[in-house]
Amino acid sequence: MKNHNEITEMFEIYRQNPEKGFALIYQTFSGPVFRYLRNSFNLSREEAEDILHNVFLPWVKNPQKFTGIENPAAYLFTSARNAALKKRSQPREQSLTIEPVSHGHEVQVEDAMIINRALSTLPEEQKEAIVLKVWTDMTFEEIARIQQCSLQTVASRYRYAIARLKELIPWNR
Amino acid sequence: MEPLSKDPFEKFLENQRPSEEPSPEVFRRLQKEAVWNRPAGPGKSMLSLLLVLALLVIVFANINDSRLPEAVKGSEQMQPPKEKAPPEVPAVIAAVEPAEKIGVARLLRHYDDDFNLSFAEDRSSILMLGSARELDNI
């Protein structure tokens, strides 16, 4: 993801020219939010796309509403999280299968599957902390805001998760 | 709070970063619903403003109407006078009934035995009464 200054600049463009700014915001955040939904909440592709659409919909319908947001990135992830939790509370028809996270070499695909299996054994908050910290480059502070908990809680969730994954994944081959 | 140097395992995990992307259809759907792609026309606020203006015009017209004097109002509602149908003339205005058919005479005849009221029909007595009054006046 882009650095803090680039993100701030992007949202400034959105304020001045919503059409152009939205294209930049979507290009930057749609992937990370989508992957966060898929990997943290075990949502199917269709479910994650539905939530992604609903998260971005107010941004295209009412751009004025988002001019005063302090941390737009955290806002996007928090919206996605809330929608995912709501969706998960509804009855679901099928159990999910996590697709391989990477494509290319067979070894990588195999690693991806091992990581996914290991991740699925973690408590949800720990899984979220890993996805947001390692794959979205978020700070503990931002994760704490998204998960609505203290900084210490996030840090300890992350450390527990890393320790557990180290046990489960044969990474040092 | 943030670790200064990354653990090799964390680096390994980073390298396994998933690359899955949402389908372009999501962006297309959003663009369709975007405010900047909506056809320009009277929005909801404009429609409600027009409605309020229409109501104001109606109310103003009603107030003006109630202020007009009755005569003016009446003149607006004037209609051509209706012609009254001429009264129907009965074929026989009045039938001349003989004196006997008048109620008093009939009554007198009925009670003839009980009361002698024959003087009522006696024209000479009426004349006498009249002449008596004349005598009083002298």
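Colleague: What does chain B average for pLDDT?

Modeller: Chain B averages a pLDDT of 73, and 51% of the residues score at least 70. pLDDT is the predictor's confidence in each residue, from 0 to 100. This is a predicted model, where local features need pLDDT of at least 70, side-chain atom pairs count only at pLDDT 80 or more, and totals for chains, interfaces and linings use all residues. As for labels, residues are numbered from 1 along each chain as its sequence is written, while chains are lettered from A and ligands numbered from 1 in the order in which they are written.

Colleague: And which scores does the complex get?

Modeller: The predictor gives an ipTM of 0.82 and a pTM of 0.63.

Colleague: How many helices and strands are in chain B?

Modeller: Chain B has 6 helices and 0 strands. Helices (H or I, at least four residues) and strands (E, at least two) are DSSP runs, numbered from the N terminus.

Colleague: How much of chain B is buried?

Modeller: Of its 138 residues, 3% count as buried. Buried is 20 or more other C-beta atoms within 10 Å of a residue's own, exposed is 12 or fewer, and partly exposed is in between, with C-beta atoms placed from the backbone.

Colleague: What about chain A, how much is buried there?

Modeller: In chain A, buried residues make up 37% of the 173 residues. Chain A comes to 8 helices and 0 strands.

Colleague: What share of the contacts in chain A link residues 24 or more positions apart?

Modeller: Counting contacts with a separation of 6 or more, 57% are between residues 24 or more positions apart. Two residues are in contact if their C-beta atoms, placed from the backbone, lie within 7 Å.

Colleague: Now the two chains together. How many residues are in contact?

Modeller: 24 residues of chain B are in contact with 33 residues of chain A. On the chain B side, the elements giving two or more residues are α1 (8–15) and α2. That side divides into 12 nonpolar, 3 polar and 9 charged residues. Here Ala, Val, Leu, Ile, Met, Phe, Trp, Tyr, Cys and Pro count as nonpolar, Asp, Glu, Lys and Arg as charged, and the others, Gly among them, as polar.

Colleague: How do α3 of chain A and α2 of chain B cross?

Modeller: The axes of α3(A), residues 45–61, and α2(B), residues 24–33, come within 9 Å and cross at roughly 30°. Axes are lines fitted to C-alpha atoms, for helices over the stretch in contact, and angles run from 0 to 180 degrees between N-to-C directions. The two helices are therefore roughly parallel to each other. Angles under 35 degrees count as roughly parallel, over 145 as roughly antiparallel, 65 to 115 as roughly perpendicular and the rest as oblique.

Colleague: Which residues make that contact?

Modeller: From α3(A) there are A:E49, A:L52, A:H53, A:F56, A:L57, A:V60 and A:K61, and from α2(B) there are B:V26, B:R29, B:L30 and B:E33. By class that contact has 6 nonpolar, 1 polar and 4 charged residues.

Colleague: Switching topic: at what angle do α7 and α8 of chain A pack?

Modeller: α7(A), residues 140–147, and α8(A), residues 151–168, pack at about 105°, with their axes 8 Å apart. That makes α7(A) roughly perpendicular to α8(A). A:F140, A:E141, A:I143, A:A144 and A:Q147 in α7(A) meet A:L151, A:V154 and A:A155 in α8(A). That contact has 6 nonpolar, 1 polar and 1 charged residues.

Colleague: Which residues of α7(A) are buried?

Modeller: A:F140, A:I143, A:A144, A:R145 and A:I146 are buried. What covers the buried residues of α7(A) includes α4, α6 (124–135) and α8 of chain A. For A:I146, its C-alpha atom is separated by 9.3 Å from that of A:N82, 64 residues apart along the chain. A:N82 lies in helix α4 (residues 72–89) of chain A.

Colleague: And where is A:Q148?

Modeller: A:Q148 is in the loop between α7 and α8 of chain A. A:Q148 has a positive phi of about 55° although it is not a glycine.

Colleague: Is A:Q148 buried or exposed?

Modeller: A:Q148 counts as exposed, because 10 C-beta neighbours lie inside 10 Å.

Colleague: What is phi of A:D137?

Modeller: Phi of A:D137 is near 60°, a positive value in a residue other than glycine. A:D137 is found in the loop between α6 and α7 of chain A. A:D137 is partly exposed, with 14 other C-beta atoms within 10 Å.
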